Structures are given as structure tokens and as C-alpha cells.
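Have a look at the model while I talk you through the bits I picked out.

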Amino acid sequence: MERRIAEFLEQREAEGLLRGLTPVQRLGGGKIRVNGREYTDLSSNDYLGLSSHPEIRKSAMEALSPVFGSAASRLMTGSSLLHHILENRVSAFKKKPAAVVFNSGYQANVGVISALCGKGDCVFFDRLSHASILDGIKLSGARPFRFRHNDTGHLEELLARERGRYRGAMVITETVFSMDGDLAPLEEIVRLKERYNCVMMADEAHATGIFGKNGTGMAEEKGVSGKVDILMGTFSKALGGFGAYVATALDVRDYLVNTARSFIYSTSLPPAVIAADITALGLIENEPYRRRVLLSNADHLRGELKKTGFTVTGDSQIIPVITGDNAGTVRISEYLRGKGWWVTPVRPPTVPEGKARLRISLSYDHTKETLDRFIRDIADVKRNRRT
Ligand SMILES: *Cc1c(COP(=O)(O)O)cnc(C)c1O
């Protein structure tokens, strides 16, 4: 095994794909400090700037006494009163009869999919689905069918051919895709899941707090909340906290509490974290201007980046600038770092081969003036490359 490890590391290094960890100090206001230098953080998922919001920090501090840790799993004595309050709030927020909180989005996806699907079932999922969805499917033992990204024609083809051969079927999609920032064709997927009698699960990790009139997500924006059986999302991104939720029917919630192993066999989140999550939901309601400014700035940035000649995709606060080759992508990100911008290069295997990119994720903390400075700097990269 030692040899395999050494060979792996050498090969990754040679391909320019070796990843490592950098100690980062988050300063709030969309800034980070790395190795003593300050940067504007264009890589975080703190889309609304809530992780530094004074009300959220205050709620967490107030919930720090008399204990910090929760000291047990939910089914033992770790089901704090705050957990129950949060679940009631989520269920009202997502307009679903019930909700259950998981310790993270990763644990939610792995737990939900492997609890609800099993041998004899099948799962249809988008090719660009998050690793936690893929791992949940793998763990479930259900037969996986991968449809081309956002291609409902392909999904229907697979459903027509395969659905009848399995007992249960689940269709899974993200609503805003994490690496491409584009939106799933939810209405069409809902139509297909009804036609082919499937359960549908939507991962709103990047949409919760941002899309929809009330900021509850893309299912709300597209008017399909009632038809998506399982709405999953996280508190760790736009909500600035930690943990995840699943909003669904009462019996599905009860079933998950009894069968989702990542829920059952893990110590529950500390009450201070849950208190912060509760406050974050309130802020989505009370400070809607944050999501409006964010999406308007994202439109502005996307438009300006396109003018510089880069390939830019997405329809959200996630703005990928596709740069293609791995080494070039790293070079551009290093150049930008020199100018005070922290933009992480995303390379295979996180994204497909040849689709390396700078994944810019915007935050409410980034003002239009800041973005215009960034646009000037990245435009210089393009100019220098041509000459
Ligand atoms: C981030 C993410 C998750 C995992 O959520 P965590 O709370 O960070 O574990 C799940 N699904 C998608 C699409 C994500 O982007």
C-alpha cells in the first residue's frame, strides 16, 4: 500500500494535480488572510455574507452556555430543543409537512439516498451531481442511471427504457450546479418523475437563501416545491452556518430518522451551531436585499467577463471561467493572487478533463466597485496571453 500511495502522489504532482491544504484566516467582509497577506475571497460559498453577520454570531454565543458539545446522537440525548425549533422553522420555510436536520450536506445526501433506495431500485441522476449524491447512490446498492447534464431528453430515454424493470425509482438533481453555476430544468424533471412514477429529490445546496421570492430555493422560484418529494439543502453556504436539512413528508421524515445511518450514528451538531442556523433563516426573511444585490452583481460580473473574451457559464452567483488546461488555469489563478484576488482553480477530477476553470463565487460582501477592479485585472490576463 505504501508504494501505491507514493506512486499516486508522484503522478498527481507530475500532472500538476496534486492538491494540498492552505491555512486560511477568514476576516469577514469577503476577505481572507493567507500567509500574512490579505485577499478578496472569490472562492467561498458565503454568498450572502452571513457567516460574519453580528446577529448570527450573537445567537451562537448565547447558546454556548451551559454546554458547547451536544455529547450524543439525536436518538440518544443529542436532540436539543433548538434542533426541534430549527426543524419546525425549516418545514415552514420550505412549505413541507416535516423536516429533519443532518450534520452536513454530505451526510444528508449519503444518508437519505442510501436509506430510501436499495437493491431492486434504480436512481436517475445528472452527470454533474455532487460527490455526496454519487456516494449515496453507490452505498444504496440501487442501479444507477446517469443522464447527460440538464438533458431531460436523455433522462426520458433512460426512464422509458429502464423504469419498468425496477421496483422503486428516484430522480435526483441539484437545482443550482455547484461547479457550473447553471440551473436544472426543474419543471421538466418534475413532469417526467410524475409520468414515470418516481420519487424526486432536489439538492438546493447552492440555491437555499438565494432563489425564490422568499429565498427558500429554486423549487420555490420554479413553483414546484409541492411536487419535489425531498428537498435537501445546507446551512453551510448562503446561510453562513453549518449543517443541512431535508424537508419532506411526515412519514418520510420518520423513516429517515429510523434508517438513515449518517443521521443515527453521528453525534448531533452543537446547540450553538443550530442557534446560528435558526437566526440565518430569519435573516433570509428579513434581509432579502442581500440576495437581490448578490444576483444583480453576478449578472454584472458575468456580462463583463464575457466581454473580455473568456468562456463564462452559469446563471447564478457561481460564475465559472472555463480556462481548459490545468497548468494554464493554475497560472492565471497565481497571477490573480499576486493582485490580491483569491480564486481557486478547479481541476479534474472535480470537473471533467479539459474543463479546468476558475470558479468565482460571489458574496454580498463584494461591492460592484470591487468587482470592477477584478474585471480589469482578469482582462489583463487575457491581453497578456494573446501577446
Ligand atoms: C456543498 C454541497 C453539499 C455538501 O454540503 P456540506 O454541508 O458542505 O457537507 C452537498 N451537495 C451540494 C450540491 C453541495 O454543493
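Before the sheet, one bit of bookkeeping: two strands pair if DSSP finds at least two bridges between them. Helices (H or I, at least four residues) and strands (E, at least two) are DSSP runs numbered from the N terminus. This is a predicted model, where local features need pLDDT of at least 70, side-chain atom pairs count only at pLDDT 80 or more, and totals for chains, interfaces and linings use all residues. Residues are numbered from 1 along each chain as its sequence is written, and side-chain values use heavy atoms, with hydrogens and water left out.

So, the sheet. Four strands make an open sheet with mixed pairing, in the order β1-β2-β3-β13. Each of β1 (25–28) and β13 (341–342) has a single partner strand and stands at an edge, so one side of each is left without a neighbour in the sheet. Strand β2 (residues 31–34) pairs with β1 in the antiparallel sense, over three bridges. One detail there: G28 has K31 in β2 as its bridge partner.

On to the ligand. Which residues come nearest? Around the ligand there are 14 residues, and G105, Y106, D203, H206 and K237 come nearest; near here means that a heavy atom of the residue lies within 4 Å. Helix α5 (residues 105–116) gives the most to that shell, with three residues. By class, the shell has two nonpolar, nine polar and three charged residues. For the classes, Ala, Val, Leu, Ile, Met, Phe, Trp, Tyr, Cys and Pro count as nonpolar, Asp, Glu, Lys and Arg as charged, and the others, Gly among them, as polar.

Now the polar contacts, meaning pairs of N or O atoms within 3.5 Å. H206 has a polar side-chain atom 2.5 Å from a ligand oxygen. For S236, a side-chain N or O atom is 2.9 Å from an oxygen of the ligand. With Y106 it's a polar backbone atom, 2.9 Å from a ligand oxygen. On its own the ligand has 370 Å² of accessible area, and the protein covers 86% of that (Shrake-Rupley, 1.4 Å probe).

Next, pockets. A pocket, on a 1 Å grid over the protein atoms alone, is an open set of points with protein on both sides within 12 Å along at least five of seven lines, using a 1.4 Å probe; lining residues have an atom within 4 Å of a point. The volume is the space filled by probe spheres set on the points, which are joined across faces, edges and corners. The largest pocket holds about 1400 Å³. Its lining has 42 residues, with R19, M179, T344, V346 and T350 nearest the centre. Both α6 (131–140) and β14 (345–346) give two or more residues to this lining.

The second largest pocket comes in at about 230 Å³. Of its 15 lining residues, L116, G168, A169, M170 and V199 lie nearest the centre.

Last, two backbone spots. S65 and P66 are joined by a cis peptide bond, omega about 0°, and P66 sits in the loop between α2 (54–62) and α3 (74–78). K95, a residue other than glycine, has a positive phi near 55°; you'll find K95 in the loop between α4 (81–93) and β4 (98–102).

Methods. A polar contact is a pair of N or O atoms within 3.5 Å; within protein, one must be able to donate a hydrogen and the other to accept it, and residues adjacent in sequence count only if both atoms are side-chain atoms.
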